[in-house]
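Please keep the structure open while reading.

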Amino acid sequence: MLLASLNPAAVAARADIVDAVRIDGAVLSRSDLVGAATSVAERVGGAYRIAILATPTATTVLAVTGCLIAGVPFVPVPADVGAAERAHILTDSGAQAWLGEKPAEPGGLPHVPVRLHARSWHRHPEPSPQSTAMVMYTSGTTGLPKGVLISRRAIAADIDALAAAWQWTAEDTLVHGLPLFHVHGLVLGLLGSLRVGNRFVHTGKPTAETYAAAGGTLYFGVPTVWSRVVADADAAAALSSARLLVSGSAPLPVPVFDRLAELTGHAPVERYGSTESLITISTRADGDRRPGWVGLPLAGVQTRLRREDGSVAPHDGETIGSLQVRTPTLFDGYLNRPEATAEAFEADGWYRTGDAAVIDEGGTHRIVGRESVDLIKSGGYRIGAGEVETVLLGHPGVAEVAVVGLPDEDLGQRIVAFVVGDAAPDELISFVAEQLSVHKRPREVRLVDALPRNAMGKVVKKELMTWG
Ligand code: MLC
Ligand code: AMP
């Protein structure tokens, strides 16, 4: 979709931008981007599905953009992926080749390099809006990560709704340092910039210093990033010249919201969503910015709260219910997982987000928390407890294990593994980092004599969490 199909007006109007993308020391003009990505499209056109090791580099930007121009579905693979997770993603997705960055372990697939200086001006026909743009892997409460089928239509609808809510235009310079293998950094950050036509700056690491030095108008960050920014008052003050600071992917602690407002003069805009639904709820640039609340449904999005008895909860700002959404930004199911797909929806087609929320009389939403203790959010990353437990049980020094997310000032939640066994904690942490992704490793392993279990023999995680 790149640009042309995404928004021809934006491309035409901004064809002369000499610094459309800055990433990893490279600067791409709009013309470099279109020419080099079209050349990539020529080489991958007709492929069934392509894997992209999503490191934050110009190579990755061109690989992604080339696939979008060619209409080839791509699979963003976490830059820090480990052996077992990589094997699963490749097998499950049926990817035929790696495009762009070359992985250390290609897993038997051929590698197609991206040539940064190649150019093509061929005009590719616009792929159908219903077609799959990407298959993005995400964790569930149990089992291996599932491939989320995300259509071009869903992405375009989401970016347009966010642009309206945030008054986001081609005049903006969008800055972030988030991974390019999740919705936040990839779909909103990179594809959003391609569609809106604004300048995009990737800072490499999302630190207070790199954000302060980037000179943007629109900044994206997960709460961990914002809490690190406010810990550096000088860097935070440099963001006062920005237009909008946006937080999402996990709850922004109220003290961080307040401190950010104090140091930068900008109350942050909070927004909520998921890999499956994309972003569905947000504060508007011209709306009320209330700490702890994530705003109103985006244009075209409907929300409702379901109580346990199936009734719809009132919008009184207090009654907690399961948040459900109906939205044009929704995914097209989990790849190869019809049962999991069916379970994600109510009989009447509403998507079950798995989050508990309240809605006030004015329609403003507050996210209360996840309904399952087995889905952990750490540094804005979604991690399934079951996935980490399965890997740990594969280690000979582990007899029993339970993984939980404990409250953490920096990461929101930190992954802690309670283990019955005789393995060294550091060895277990590295074992997970090597098998899954580095960011899924437990930050702490506690060796215990026994796990708390109920009469059925099931581990009582709520009790474990009080051991924290
Ligand atoms: C440490 N490291 C190890 C290791 N221990 N490497 C290998 N094995 C081990 N045992 C290394 C790491 O590789 C890394 O190296 C360095 O230590 C620091 O890693 P870290 O400790 O994991 O980083 P940290 O500082 O904790 O990261 C914080 C963070 C990160 C905020 C930068 O969590 C982050 O980028 N979060 C963003 C997640 C996100 O975008 N989520 C959006 C999901 S979409 P090196 O060399 O690499 O530094 C979504 C929808 C929505 O949720 O609503 O948006
Ligand atoms: P992911 O699939 O990685 O995109 O994670 C989606 C989950 O992140 C949601 O179901 C929420 O639990 C959480 N999340 C995203 N944004 C917010 C937010 N602004 N506040 C609280 N939780 C959030």
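Predicted model: local features only at pLDDT ≥ 70, side-chain atom pairs only at ≥ 80, totals over all residues.

Thr-275 places a polar side-chain atom 2.7 Å from an oxygen atom of ligand 2. In the side chain of Arg-370, an N or O atom lies 2.7 Å from an oxygen atom of ligand 2. On its own, ligand 2 exposes 500 Å², and the protein buries 92% of that area.

Two elements give two or more residues to the shell around ligand 2: strand E13 (269-274) and strand E19 (365-370). E13 provides the largest share, with 4 residues. The shell has 15 residues, of which Arg-271, Thr-275, Asp-355, Arg-370 and Arg-382 come nearest. By class, the shell has 5 nonpolar, 5 polar and 5 charged residues.

A polar side-chain atom of Ser-249 is 2.6 Å from an oxygen atom of ligand 1. Arg-271 brings a side-chain N or O atom to 2.6 Å from an oxygen atom of the ligand. For Arg-228, the side-chain N or O atom is 3.0 Å from an oxygen atom of ligand 1. Taken alone, ligand 1 exposes 1,100 Å², and the protein buries 68% of that.

Which residues of helix H11 (residues 254-264) are buried? They are Val-256, Phe-257, Leu-260, Leu-263 and Thr-264. These residues lie on the same side of H11 because they cover an arc of only 140° around the axis. An α-helix has 3.6 residues a turn, so residues three or four places apart point the same way. On the other side of H11, Pro-255 and Glu-262 are exposed.

The cover over the buried residues of H11 includes helix H9 (223-230), helix H10 (233-238), strand E12 (244-247) and E13. Just after H11, Gly-265 takes a positive phi of about 80°.

## Ser-120: a buried loop residue

Ser-120 is in the loop between strand E6 (111-112) and strand E7 (132-138). Is Ser-120 buried or exposed? Ser-120 counts as buried because its relative accessible area is 10%, and the cut-off for buried is under 20%.

Which residues touch Ser-120, leaving aside neighbours within four places in sequence? The contacts are with Val-34, Gly-35, Thr-38, Ser-39 and Glu-42. With Glu-42 there is also a polar contact of 3.3 Å between the two side chains.

Terms used:
Residues numbered from 1 in each chain as written. Chains lettered and ligands numbered in written order. Heavy atoms only, no water. Near = heavy atom within 4 Å. Polar contact = N/O pair within 3.5 Å; in protein donor to acceptor, adjacent residues only side chain to side chain. Areas by Shrake-Rupley, 256 points an atom, 1.4 Å probe, with all protein chains shown as cover. Nonpolar A, V, L, I, M, F, W, Y, C, P; charged D, E, K, R; others polar. Buried < 20%, exposed > 50% of the residue type's maximum accessible area, 1.4 Å probe, protein only. Arc of directions from axis to C-beta. Contact = heavy atoms within 4.5 Å.
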